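Please open the model in your viewer and keep the selection panel at hand. The tour below goes from one selection to the next.

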Amino acid sequence: MPTYKLTCFNVRGRAELIRLLFAAGEIPYEDVRIEWDKWPELKPISDTPMGQIPTLEVDGQVICQSMAIARFVAGKAGLLGKTNMDQARADMLLDGGMDVGKLFTEMVMEKDASKKAEKKKEFGEKHLPPFLALYEGFAGDNGHFVGDSLTWSDIGFFNMMDFITAEYPGALDGYCKLNKVIDNVKSNPGVAKWLKERPVTNH
Amino acid sequence: MPSYKLYYFHGRGRAEPARLMLAAAGLPYEDVRIEFERWPEYKPKMPMGQAPVLDVDGTMICQSVAIARFIAKESGLAGKTNMEQARADMMVDGFGDMVNKMADYVWYEPDEAKKAEKKKTFYDTTLPEFLGYFEKLLVANNGGDFFVGDGLTHADVFFLSLSDDITAEKPDVLGPYPKLAALAERIKTYPGIKEWLAKRPKTPW
């Protein structure tokens, strides 16, 4: 069995999808967390292919780029999708989610209070509702985005909404199929265990 | 054999990696180029209201990287093991970060002065840092004939596409990175890609 070491900042951030996938696959790994202020001294001596974290070390080989890592772990956990077409569907839904997630993150990270309030209003009124309506359409009656079983696309959606509902609590009200997706993910035994045990962080 | 239709605008843009991948895979496809004025007719039919979209026997996939990776997997050019595929994906994402930085000033910055400043920062600071990483990663793969394993993957194709874009703006940008420059030249002669490059429409972007 390979050894896995995930290195990221002490946040959920770009690593949380990866951690959720390790959990769903019940795959043990070392969850190394680095404090922001330690990074400048660690960066030059860290094995980072592109100078960034998260990185995943697999039996000594290091890969970077959070989605590439997540896709790799999803594969190990059997959560990629059964056919190339299923896998492409999962990829496309995750990428679409990232497009919206990027706007959300920009809003959260905005330091100027009045600009942030403006961005929060804009995201909540202009970007979030069409995204949710679109994805309600993509979700199956069974509460899965791809085929008839859990894939990393369901988990990715759950993770993203975990962040978004912290700022927009009622966002998912009325979206039957999306709520089913969320329930399916939360009731996965590995995920449920991780959600109970994971460190609580602001981001 | 499935029938493939690729929908995009009349340019390389975000569709070119998929076109290059189809060429490398030797897969025939209909290269639908939509005039901007006609886009409103097509938009509602696209899964996320955007292009590019690949129609595979009536099933539509969107998101440019997902499309290219699908074609790569269908033709056995995505990496032979899970780890090779992850390495290819990581390279593609790294190149994508550069493409997104360019899109930022080319497409999304309306202010001319800010545009020029962002472009300068990109070429003076951001791009050199990452080209340095990419050169090192290429060399680390057995001297650097391909980014991953011992054959073409979508990583090499996405690099060619990035190289096209950056050398169009700065012809000598790969000068300090001999292995990257050599790879781009070599991939241009890959069977299928060579023919496509000779016949593809010449567009400003």
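The stops that follow go from one chain to the interface and then to a single residue.

This is a predicted model, in which local features need pLDDT of at least 70 and side-chain atom pairs count only at pLDDT 80 or more, while totals for chains, interfaces and linings use all residues. Residues are numbered from 1 along each chain as its sequence is written, chains are lettered from A and ligands numbered from 1 in the order in which they are written, and side-chain values use heavy atoms, with hydrogens and water left out.

**Chain B as a whole**

Select chain B, which has eight helices and four strands (DSSP runs, H or I of at least four residues for helices and E of at least two for strands, numbered from the N terminus). Followed along the sequence, the elements of chain B come in the pattern β-α-β-α-β-β-α-α-α-α-α-α. The C-alpha atoms of chain B fill a box of roughly 45 × 45 × 30 Å along the principal axes, and 52% of its 205 residues count as buried, a term for under 20% relative accessible area with a 1.4 Å probe and protein chains only.

**The interface**

Now show both chains: 29 residues of chain A are in contact with 30 residues of chain B, where contact means heavy atoms within 4.5 Å. The area buried between chain A and chain B is about 2500 Å², and carbon and sulfur atoms give 62% of that area; buried area is the accessible area (1.4 Å probe) that two parts lose on being put together, summed over both. Highlight A:M50, A:M85 and A:M92, which supply 25% of the area that chain A buries against chain B, more than any other three residues.

Next, pick B:D89 and A:R71, whose side chains meet in a salt bridge at 3.0 Å, N to O; the rule for this term asks for a side-chain nitrogen of Lys or Arg within 4 Å of a carboxyl oxygen of Asp or Glu. Across the interface of chain A and chain B, two salt bridges are found by that rule.

Finally, select B:Q63, in the loop between strand 4 (59–62) and helix 3 (64–74) of chain B. Is B:Q63 buried or exposed? B:Q63 counts as buried because its relative accessibility is 13%. Leaving aside neighbours within four places in sequence, B:Q63 is in contact with A:M92, A:D95, A:G96 and A:D99 in chain A, and with B:M48, B:Q50 and B:P52 in chain B.

Terms used:
Buried means under 20% relative accessible area, exposed over 50%, partly exposed in between (1.4 Å probe, protein chains only).
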